[in-house]
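I opened this model to look up its contacts, its core and its backbone angles. My entries follow.

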Amino acid sequence: MHELQEKEKNDFSEADFLKDYNNKIKQIAKDELLKVFQEFDPESTGIIAYEVLHRALVTYGERLTKEETDRFMHLFKLKPDEPVKYNDLLESKKNEENNNS
């Protein structure tokens, strides 16, 4: 049974996640997202800790579930031991929107 649950979790495709992710944040403009990231980056380094992003995604605004957040982190190849360059995330979102247009 556990193997089936793991398979179902792993079968959630990148396209499915992007569709779900896009539906949750499609109303938020890039500038608004940048402001949110900057709230967690008072020194304007362009970098926030993985844990900070994870907590923000499950706590603020259009909250993602822990599972959705974990998929988000995996999709963007974010690792707990590495800082998150949020401008790269915003650029990825922009590229995704352009590809879906």
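I looked up the contacts of Leu89, taking contact as heavy atoms within 4.5 Å. Leaving aside residues up to four places away in sequence, Leu89 touches Phe37, Leu53, Phe72, Phe76, Leu78 and Val84.

I note that this is a predicted model, where local features need pLDDT of at least 70, side-chain atom pairs count only at pLDDT 80 or more, and totals for chains, interfaces and linings use all residues. Residues are numbered from 1 along each chain as its sequence is written, and side-chain values use heavy atoms, without hydrogens and water.

Of its 19 residues, Phe37, Leu53, Phe72, Leu78, Val84 and Leu89 touch the most other members. Two or more residues each come from helix 2 (14-25), helix 3, helix 4 (50-59), helix 5 and helix 6 (86-100). Helices (H or I, at least four residues) and strands (E, at least two) are DSSP runs, numbered from the N terminus.

In helix 5 I listed the buried residues as Glu68, Thr69, Arg71, Phe72, Met73 and Leu75. Buried is under 20% relative accessible area, exposed over 50%, and partly exposed in between (1.4 Å probe, protein chains only).

Then I checked phi. Most residues other than glycine have a negative phi. Lys77, which follows helix 5, has a positive phi near 55°. Lys77 lies in the loop between helix 5 (66-75) and strand 2 (84-85), and it counts as exposed because its relative accessibility is 67%.

Which value does phi of Ser44 take? I found it positive, near 55°. Ser44 sits in the loop between helix 3 (30-39) and strand 1 (47-48), and its 55% relative accessibility makes it exposed.

Note on methods. Core = buried A, V, L, I, M, F, W, Y, C linked by side-chain atoms within 4.5 Å.
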